[in-house]
Amino acid sequence: MQTIKEAAAAFLSNKRVAVTGVSRSPETHGSNTVYRRLRDRGYEVFAVNPNATQVEGDPCYRDLASIPGGVQAVVIGTRPEIAVDTIRECAELGINHVWMHRGPGAGSVSAEATAYGRQHGMTVIDGGCPLMFGQTSDIGHRVIRFIYAGNVPKAA
């Protein structure tokens, strides 16, 4: 296993990233915040929501397999019970970097999804937020990382 800083750096080194759970009503969804920040920081980012064709002014894809050219990494921002299906799709598509978003509360983290992903050779970050690390971070997210340290894994 890697430290969380190493795993985060490896995850963020991927420039084609899908974000699941991006909503047509962005005001209250953390997935939209992650999506916008990655897009604004130069990532080629893809929104995934089976119930939308467009979010944040960009095309939205039904599932990971629908993304032209595929992706290198996935941020899971859906309910935990959906995370297992997403991890399975990642395994089928050969996606080896997965981050299950978690701020305060349960977030998207699923122990079953984490175990499945790791059994299939994926680096799975099961908690915290990509916006707490590296070039995507800001002071607010770094403070949240400190305050909610219990929701940020120490290793992945």
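Read along the sequence, the chain follows the pattern α-β-α-β-β-β-β-α-β-α-β-α. In this predicted model, the secondary structure amounts to 5 helices and 7 strands. Of the 156 residues of the chain, 49% count as buried. Among contacts with a separation of 6 or more, 68% come from residues 24 or more positions apart.

The strands are considered next. An open sheet is formed by 7 strands in the order S3-S4-S2-S1-S5-S6-S7, and the pairing is mixed. Strand S3 (54-55) and strand S7 (123-126) stand at the edges with a single partner strand each, so one side of each is left without a neighbour in the sheet. In general, strands of a sheet pair through backbone hydrogen bonds, in either a parallel or an antiparallel manner. Both kinds of pairing can be followed in this model, as the sheet is mixed.

With S2, S1 pairs in the parallel sense over 5 bridges, and Thr20 has Val48 of S2 as its bridge partner. With S5, S1 pairs in the parallel sense over 3 bridges; here the bridge partner of Val17 is Ala73. Strand S1 is mostly covered, with 5 of its 5 residues buried. In a regular strand, side chains alternate between the two faces of the sheet. In S1, Arg16, Ala18 and Thr20 point one way, whereas Val17 and Val19 point the other way, and all are buried.

Strand S2 (residues 44-48) is also joined to strand S4 (residues 58-61) by 2 bridges, and these two strands run parallel. Val48, the bridge partner of Thr20, is itself bridged to Tyr61 in S4. The pairing of S3 with S4 is of the other kind: 2 bridges join these strands, which run antiparallel. Gln54 has Pro59 of S4 as its bridge partner. Together, S3 and S4 form a hairpin with 2 residues between them, and Glu56 in the turn has a positive phi of about 55°.

Leaving aside residues up to four places away in sequence, Thr114 touches Met100, Val124 and Asp126.

Empty space in the model was also examined. Rolling a probe the size of a water molecule over the atoms shows where such space is left. The largest pocket has a volume of about 530 Å³. It is lined by 24 residues, of which Thr20, Gly21, Pro50, Thr78 and Ile82 are the closest to its centre. Helix H2 and helix H3 (80-93) each supply at least two residues of the lining. Helix H3 gives the most to the lining, with 4 residues. By class, the lining of the largest pocket comprises 5 nonpolar, 14 polar and 5 charged residues.

Definitions and conventions: Residues are numbered from 1 along each chain as its sequence is written. This is a predicted model: local features need pLDDT of at least 70, side-chain atom pairs count only at pLDDT 80 or more; totals for chains, interfaces and linings use all residues. Side-chain values use heavy atoms; hydrogens and water are left out. Two strands pair if DSSP finds at least two bridges between them. Contact means heavy atoms within 4.5 Å. On a 1 Å grid over the protein atoms alone, a cavity is a set of points where a 1.4 Å probe fits but cannot get out, and a pocket is an open set with protein on both sides within 12 Å along at least five of seven lines; lining residues have an atom within 4 Å of a point. Grid points are joined across faces, edges and corners, and a volume is the space filled by probe spheres set on the points. Ala, Val, Leu, Ile, Met, Phe, Trp, Tyr, Cys and Pro count as nonpolar, Asp, Glu, Lys and Arg as charged, and the others, Gly among them, as polar. Buried means under 20% relative accessible area, exposed over 50%, partly exposed in between (1.4 Å probe, protein chains only).
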